[in-house]
Amino acid sequence: MRQPMLEGPFDVKELLHLDEALSVAERDGGGLHYSVYVGPLYDPVRGAAEALHDKLADPDRSVLVAVSPEQRQLEIVTGRIAQEKIPDRSAALVVFSMEAAFGAGQLAGGIITGLRMLAETAQGR
């Protein structure tokens, strides 16, 4: 049987793992909402990520992990309430860990690790 064709950088197994990681983050992540965007981030990269974050249903309580593999860019955007639970210093450590995984060719694994770390940080506050 032929596997269905997927658009994007992830196979079916990776998508299932990403979905599970998002569900766990939502459940255990300190009452915050977690989203992942993978695709181009137009200059300025931070501004593009913030604009995406602002479109979320509850931006104040949301955390966006925005990754542009082609541009080798990664941004974590936290809303007002989310930032109280995930300070910039903690988010920077998450970025460092995610970049290490990306450097090893593990795009999905890096995102999953980042979501877990962000949720654990938020849960502890």
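Reader: In what order do the elements of the protein chain run from the N terminus on?

Author: The order is α-β-α-β-β-α-α-α, where helices are DSSP runs of H or I with at least four residues and strands are E runs of at least two, numbered from the N terminus. The model is predicted, and local features need pLDDT of at least 70, side-chain atom pairs pLDDT 80 or more, whereas totals for chains, interfaces and linings use all residues. Residues are numbered from 1 along each chain, and side-chain values use heavy atoms, without hydrogens and water.

Reader: What makes α4 roughly antiparallel to α5?

Author: Helix α4 (residues 88-103) and helix α5 (residues 107-123) pack at about 160 degrees, with axes 8 Å apart. Angles over 145 degrees count as roughly antiparallel, so α4 is roughly antiparallel to α5.

Reader: Which residues of α4 and α5 meet?

Author: Ser90, Leu93, Val94, Ser97, Met98, Ala101 and Phe102 in α4 meet Leu107, Gly110, Ile111, Gly114, Met117, Leu118 and Thr121 in α5, contact meaning heavy atoms within 4.5 Å. The residues of this contact comprise nine nonpolar, five polar and no charged; Gly counts as polar.

Reader: Why does the radius of gyration of the protein chain agree with a compact globule?

Author: The rule for a globule is 2.2 Å times the number of residues to the power 0.38, with the radius taken over C-alpha atoms. For 125 residues a compact globule would have a value near 14 Å, and the protein chain has 14 Å, so the two agree.

Reader: What percentage of the residues in the protein chain is buried?

Author: Buried residues make up 34% of the 125, buried meaning under 20% relative accessible area with a 1.4 Å probe.

Note on methods. Axes are lines fitted to C-alpha atoms, for helices over the stretch in contact, and angles run from 0 to 180 degrees between N-to-C directions. Angles under 35 degrees count as roughly parallel, over 145 as roughly antiparallel, 65 to 115 as roughly perpendicular and the rest as oblique. Buried means under 20% relative accessible area, exposed over 50%, partly exposed in between (1.4 Å probe, protein chains only).
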